[in-house]
Amino acid sequence: MQQKIVILDFGSQTTQLIGRRLRDLDTFCEIFPYNKFPYDDPDIIGVILSGSPFSVYDPKAFKVDLSGIRGKYPILGICYGAQYMAHTMGGKVAPAGTREYGRANLQSFEKDNLLFKDFDDNSQVWMSHGDTIVALPDNFRCIASTDKVQYAAYQAEGEQLWGVQFHPEAFHSMQGIQLLKNFAVDICGSKQDWSAASFVESTVAQLKEELGDDKVILGLSGGVDSSVAAVLLNKAIGKNLTCIFVDHGMLRKNEFHDVMEDYKCLGLNVIGVDASAKFFADLVGVSDPEQKRKIIGRDFVEVFNAEAKKQTGAKWLAQGTIYPDRIESLNITGKVIKSHHNVGGLPEKMNLRLCEPLKWLFKDEVRRVGRSMGMPEHLITRHPFPGPGLAVRILGDITPEKVRILQDADDIYIRGLREYKVKLNGDDARRVLAAGVPANMKNGEIEVSLYDQIWQAGAVLLSTVRSVGVMGDERTYEHPVALRAVTSTDAMSADWAHLPYDFMANISNEIINKVKGVNRVCYDISSKPPATIEWE
Ligand code: XMP
C-alpha cells in the first residue's frame, strides 16, 4: 500500500507547489481535478482542497459536492478551498474591502491545535485573496487571525476538517511546511515513507500485475525520462519490453552511438533505427520553425510506427511522460501555461494501451528514481533536449553540413561546461543539492561542474546570418553561433545563467579556432519569459 494524500485542484497556480511540498515531506500525493475524486482508491489518508482563480460567487467558479469525502478523511482547505467549504457549509464569504495580498502575521492562533503544532508566535503567512470569510458556519470555530483577517483559519467542531485562508505552500509562509507536515503526518498519519526506492518497489509490483505477460514498446529519446521509464519497465517485465530509439540525424555529436551503448549496458532490449536520410530529405528547403517541427513529428511517427508494427503482439505503448508534461492537459481553467512538447505526439491509430509509469513525478524525483536503480550518473544528469533536436537550434533550412557545424560547436561547449568546476555555498549550494546533484559538502562548500549547476545549455547556429571576420591574413564571411545556458526548475520560466567570463572566453576561442564555418560567438542573455529557452 502506498499511502497518499489527494489534492483536489480548483485551478490555482500553486496547486503543483502543494504537491511538491508534500513530496518533500516524503509523503506521496496525487492531484486530481476538483470534480474527479478517486472514490475507490483505498490508500487515501487525507484530502487538500486547493486555491482557485475564481471567487465562490463567480458564475464560472468550480463547485463540487463534498459530502462523499467529509467525515471520511481529514480535509484541509486552502484559500478558495477554505472559502468554498465555509460558503457551502453555512458560513458567509464576501469581497474583502481591499484585496488581501502579501505578508501577514498570525497574531493569535490556537496553540494546542494540531494544525499549529510547533508554530511560533506571530508566524508570517502569505495571503492572496479577493474574498474573505465574514461568518463561519455554526459548528465551526476560528483558530487563527491576522490583524486584517479575522478568520485566517478555522476548524469544524469535532471534525477533522480545517480551512486556512493563507497559502502554506508559498515560500513566504515561513512555517507553511510545518503546517503541511502537521496536517500530513500528525493528522493524516503519513508514515513519510515515499522514497525513490519505495517508488521503484511499488511501481514494479504494479507494473507486473497490470502488464502480466503483455508485450510493451517504448520510444527512447536518450533523455532521462524515457530512460528511467525503460529501466523501470525492464525491471518489471524484462524481455517483454522492446525499446525503439530513432536517430533523426539531428542529435548531438556521437549521441546516438553513446546512448545506444549505455542502453545496452543497462540490459535493455533496444532497436536503434538510423532514419536520418529520410528526415534530411523531407526537410530540404524548410526554414519555418513550425513546419520543421511538423515534418519531424510526422516522420518520427512514421518511422516509429513502422518499427513498432514489427513487434507483433505488442499491447502497450510506454512513455516517459512526467508530471510537468501533463500540466497543460490537467490545467482545468483552460489557460495554456506551457504548450505540450512531444515529438509527433502519441501515435493515435496504433491501437495500443498507454503506460506512463512516471506520470506523477517531478524531474528531480525521476532523477532520484534513476539513481536508486543504479543508472549511470551522466545519463541521469543529462540536460533536457528538444525532441526535434538541433533542427530547432539551426535558424533557417537544415543541411547535414549545418548540423555537423553545430554538433562540433555544441560539443566543445558542453564538454567545457562539464569540465569547468565551481565552488558553491549557501543557498546556491542548497539549491543544487536539492535538485539531486551528487556532491559532498565540505566546510559549507560543494564543488560541482557548470553543467550540473544549470538546467539546460546548447549552441544555436545562426545560419541565416553572416558576419565578417579576419583569421590570419584572411577575411572571413561566416556564421555566428549563439550559446544558451539557463537556470530553471521546470522549464516554464528560466533565467540566463551567469557563466564565468574566463569560461566564455576560452569556449569562444576554441569554437572559432576549431569549427570551420563559424567566425563569431555570442551569448544569449534573455530570460523566459519573454524569450523561450529554444530559439525556435
Ligand atoms: P521552450 O523553448 O518552450 O522550451 O522554452 C521549454 C523546454 O521544452 C523543450 N522543448 C521541446 N521538447 N519537443 C520536445 O520534446 C519540442 O518540440 C520542444 N521544444 C522545446 C526545451 O528544450 C526546454 O527544455
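Before I turn to the structure, let me say that contact here means heavy atoms within 4.5 Å. What I am showing is a predicted model, in which local features need pLDDT of at least 70 and side-chain atom pairs count only at pLDDT 80 or more, while totals for chains, interfaces and linings use all residues. Residues are numbered from 1 along each chain as its sequence is written, and side-chain values use heavy atoms, with hydrogens and water left out.

The chain is divided into domain 1 (4-187), domain 2 (196-380) and domain 3 (394-523), with bounds that come from an automatic or database domain assignment. I will speak about domains 2 and 3, whose C-alpha centres lie 26 Å apart.

In this pair, 19 residues of domain 2 are in contact with 23 residues of domain 3. Together the two domains bury about 1600 Å², of which 58% is on carbon and sulfur atoms; buried area is the accessible area (1.4 Å probe) that two parts lose on being put together, summed over both. On the side of domain 2, Arg252, Lys253 and Phe280 supply 33% of the area buried against domain 3, more than any other three residues.

Lys253 comes up again, as it forms a salt bridge with Asp408, with the closest N and O atoms 3.0 Å apart. The count between the two domains is two salt bridges, a salt bridge being a side-chain nitrogen of Lys or Arg within 4 Å of a carboxyl oxygen of Asp or Glu.
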